[in-house]
Amino acid sequence: MTIYVVQTGDSVDSIASAYGISANSIIYNNQLAYPYRLAVGQALLLSSGANSSERRNIIAGGYAYPFIQNFTLTETLPYLTDLFIFSYGFTADGELIPPQLDDTWMIELAREKNTRPILTLTPFGPDGRFSNYLINVLVNDLEVQQRLIDQLLETMRLKNYGGIDIDFEYILAEDRISFAEFVTRVRTAGNEAGYPVSVALAPKTSDNQPGLLYGGKDYALLGEAANHVLLMTYEWGYTYGPPMAVAPIHKVREVVEYALTRIPAEKINLGIPNYGYDWPLPYEKGITAARTISNTQAIEIAIDNNASIEFDPVSMSPHFTYEKDGIAHEVWFEDVRSLKEKFSLIEEYHLRGAGYWQVMNLFRANWLLLADTFYITKNPEDFSF
């Protein structure tokens, strides 16, 4: 695969002619909509030959809600080892709560495409947000834990799930050890039943990093407790924060390098965002809220507003500004250039693989580039518990 950055005066036909490839392949790879307009600075993925025979095996996973479009999931599953279905909750008594929408069709489709469906467990309260009260009750009550674990295993068996993912956020610092012990109990029970257990980790760079996101996540303890982990290396740029890259590569690298001092590389999956943000300007803390957009939608916005896309050499991320209805906007998103940088980290540090938050929007160029860079295993047993 070749990455080409659009210049002034380029067209799909002129690029195809210059590279000796079909215009249709450019349109397909990059999900270009008729009449196939391009933005100056847009990164295109061009098919220029066969896959390398030197690709390393990795695991690729992605999170999805049950309201994902069938087409999007069908197109994505060939590139996934694991599909993380989001999500199951629980009560303070340890009763498992299924997703509001039926997840059966996702499990069946994943199995049909030789992808392992993973049950994702989250501690959402009645307001739909992560509840450290629920976490506190659970991790400090063995009877509640056992009830939840029993129901998890029964649901896994009945619904044909293939693994468990524990995605708890905002854990109280005083529950740090108890949470790791809970993960250990789930992993022990899960492994005995043939299920791997993973845990999602907030992006820390030190043991004692302050903040509610970080205090309850002990990398060393959780690296031992779970079969493998996901580094949530995204959300530096977020809905209520100032405009910036969602996953700046220099910040991602800092998290990876710290994680490797506490967790073996073969247990670590690198988190990758499959989205961007559009901020209205000027940014005002506590007032401004960015709009979440897909990576292909970002390109469409640039084209519709005649904006040129720039690429930041520090964060290694694309961005642009535009004005609409008298309001200035700043957009940061992911493209094949920024994704290539993240894939390079996986290769450089010999990480287990990649985990995407989330796969609700199809970004075909990402999957083609990932499959060109690595061999995405469809046999999770290639990687031990």
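Select Asn114 to start: this residue sits in the loop between H4 and S6, where helices (H or I, at least four residues) and strands (E, at least two) are DSSP runs numbered from the N terminus. The model is predicted: local features need pLDDT of at least 70, side-chain atom pairs count only at pLDDT 80 or more, and totals for chains, interfaces and linings use all residues. Residues are numbered from 1 along each chain as its sequence is written, and side-chain values use heavy atoms, with hydrogens and water left out.

Asn114 is not a glycine, yet its phi is positive, about 60°. Most residues other than glycine have a negative phi, and most peptide bonds are trans. With a relative accessible area of 48%, Asn114 is partly exposed; buried means under 20% relative accessible area, exposed over 50%, and partly exposed in between (1.4 Å probe, protein chains only).

Step back to H4, residues 104–112, and select its buried residues: Met106, Ile107, Leu109 and Ala110. They cover an arc of only 170° around the axis, which puts them on the same side of H4; the arc is that of the directions from the helix axis to the C-beta atoms. Glu108 and Glu112 are exposed on the other side of H4. Now show what covers the buried residues of H4: this includes strand S3 (56–64), helix H3 (70–76), strand S4 (82–90), strand S6 (116–121) and helix H6 (142–159).

Go to Asn160, in the loop between H6 and strand S7 (163–166). Asn160 also is not a glycine and has a positive phi, about 70°. Its relative accessibility of 41% makes Asn160 partly exposed.

**Helix H5**

Select H5, residues 132–139, where Leu134, Ile135, Leu138 and Val139 are buried. Down the axis of H5 these residues fall within an arc of 115°, so they line one face of the helix. Their cover includes S4, H6 and helix H7 (176–192).

Turn to Phe86 and Ser87, which are joined by a cis peptide bond with omega of about -5°. Ser87 lies in strand S4.

Next, show the side chains of Phe, Tyr and Trp. A search of the whole structure finds 24 aromatic pairs. Rings of Phe, Tyr and Trp (its six-membered ring) pair if their centres lie within 6.5 Å; planes under 30 degrees apart count as stacked, over 60 as edge-to-face and the rest as tilted. The ring centres of Phe86 and Trp357 are 5.1 Å apart and the planes are at 70°, so this pair is edge-to-face. Phe86 lies in strand S4 and Trp357 in strand S16 (residues 353–357), so the pair ties together parts that are 271 residues apart in sequence. Both Phe86 and Trp357 are buried.

For a tilted case, pick Tyr219 and Tyr258: their ring centres are 5.1 Å apart and their planes are at 40°, so the pair is tilted. Tyr219 is in helix H8 (residues 219–225) and Tyr258 in helix H9 (residues 249–259), 39 residues apart. Tyr219 counts as buried at 1% relative accessibility, and Tyr258 is buried at 8%.

Phe86 and Trp357 also belong to a cluster linked by ring pairs, whose members include Tyr63, Phe84 and Tyr170.

**The cores**

Which residues touch the most other members of the largest nonpolar core? Select Leu121, Ile166, Phe168, Phe179 and Phe182, out of 101 residues in that core. A nonpolar core is a set of buried Ala, Val, Leu, Ile, Met, Phe, Trp, Tyr and Cys residues joined through side-chain atoms within 4.5 Å. Centre on Phe168: leaving aside its neighbours within four places in sequence, its contacts (heavy atoms within 4.5 Å) include Phe90, Leu121, Phe130, Ile135, Phe179 and Lys217. A second, separate core has 13 residues, among them Ala307, Ile309, Val331 and Phe333.

**The whole chain**

Zoom out to the chain, with its 12 helices and 17 strands. The C-alpha trace spans about 65 × 50 × 40 Å along its principal axes. Of the 385 residues, 55% count as buried.
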